[in-house]
Amino acid sequence: MSKGPGLFLDIGRKATDLLTRDYVSDQKFSVSTASDTGVVLTSSAVKKGGLSTGDVAAMYKYNNALINIKFDTESNIATTLTFTDIVPSTKTIASFKLPDYNSGKLEVQYFHHHATFTTAVALNQKTPAVDLSATIGTPTFAFGAEAGYETSSGKLTKYTAGITITKPDACASIILGDKGDSIKASYVHHLDSLKRSAAVGEISRRFSTNENTFTVGGLYAVDSLTTVKAKLNNHGKLGVLLQHEVIPKSMLSLASEFDTQALDKTPKFGLALALKP
């Protein structure tokens, strides 16, 4: 793929990942194994409240093709097929979920040195929809837009625009979304050359309700095996996360969320253990 501006969905992703990724609120345990043929099997079990679920996933890569299949305890089968460079500088992704025959989706991504384009078609017989996105610029500066169109009604289901500036130690972005009803600005600053410590700030506003949300957070590497994350918004929601690499490639995550404006409420706790070969 080219060293272009990246996909539209990448705009603002660094801040979103720092503020949301790995902040688990349930209990999850997963084990991955790899065979000599290249097949990676992952078994997962999740307990959320009084409900327990599980799944088994298989991943296999052959030349430019990547195959992912997942079976869960609710008798669903999810399959994703990814093909790289069927046509030069493209990635094709086909996904479907059984027994929901209307869940199919076909997506084609095109990468250029100064632009990227994405077309996604939902293979739904009742309400087929098409999503289009484009990003123009460089790895340092890019702007783009996204739109969704429902063919049965002839209406736009969404339209979003964004702009981003990326430097080696920082990234800033602004996204106008929800058909112009919301705006979100974010900034991430890395505090070390390895990018294991960072500070992030995000502010969003919804015009229809005059609601503003401001969130600050950070990531700090205690040592080579342990990292700590924290976030706090103007509504008093405080989240903390501790991650420790118990053995190479295997991660233990402990997370909690407190409502600082209602300390009498029971905090949320989450635990995740992922064992990998």
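**View 1. The second largest pocket of this predicted model****.** Its volume is about 430 Å³. A pocket is an open set of points on a 1 Å grid over the protein atoms alone, where a 1.4 Å probe fits, with protein on both sides within 12 Å along at least five of seven lines; lining residues have an atom within 4 Å of a point. Grid points are joined across faces, edges and corners, and the volume is the space filled by probe spheres set on the points. The second largest pocket has 14 lining residues. Leu18, Arg21, Lys195, Leu219 and Lys229 lie nearest its centre. Residues are numbered from 1 along each chain as its sequence is written; local features need pLDDT of at least 70, side-chain atom pairs count only at pLDDT 80 or more, and totals for chains, interfaces and linings use all residues. Side-chain values use heavy atoms, with hydrogens and water left out.

View 2. Helix 1 makes the largest share, three residues. Helices (H or I, at least four residues) and strands (E, at least two) are DSSP runs, numbered from the N terminus.

**View 3. The largest pocket****.** Its volume is about 880 Å³. Of its 32 lining residues, Lys28, Ser30, Ser32, Thr42 and Lys276 are closest to the centre. Elements that give two or more residues include strand 1 (27-34), strand 2 (40-48), strand 18 (250-259) and strand 19 (268-275). The lining splits into 14 nonpolar, ten polar and eight charged residues.

**View 4. A cis peptide bond at Pro99****.** The bond from Leu98 to Pro99 is cis, with omega near 10°. Pro99 sits in the loop between strand 6 (90-98) and strand 7 (104-111). Most peptide bonds are trans.

**View 5. Positive phi at Ser75 and Asn210****.** Most residues other than glycine have a negative phi. Ser75 has a positive phi of about 65°. Ser75 lies in the loop between strand 4 and strand 5. Its relative accessibility is 59%, so Ser75 counts as exposed (over 50%; buried is under 20%, partly exposed in between; 1.4 Å probe, protein chains only). Asn210 has a positive phi of about 55°. Asn210 lies in the loop between strand 14 (198-206) and strand 15 (211-221). Asn210 is exposed, at 52% relative accessible area.

Methods. Ala, Val, Leu, Ile, Met, Phe, Trp, Tyr, Cys and Pro count as nonpolar, Asp, Glu, Lys and Arg as charged, and the others, Gly among them, as polar.
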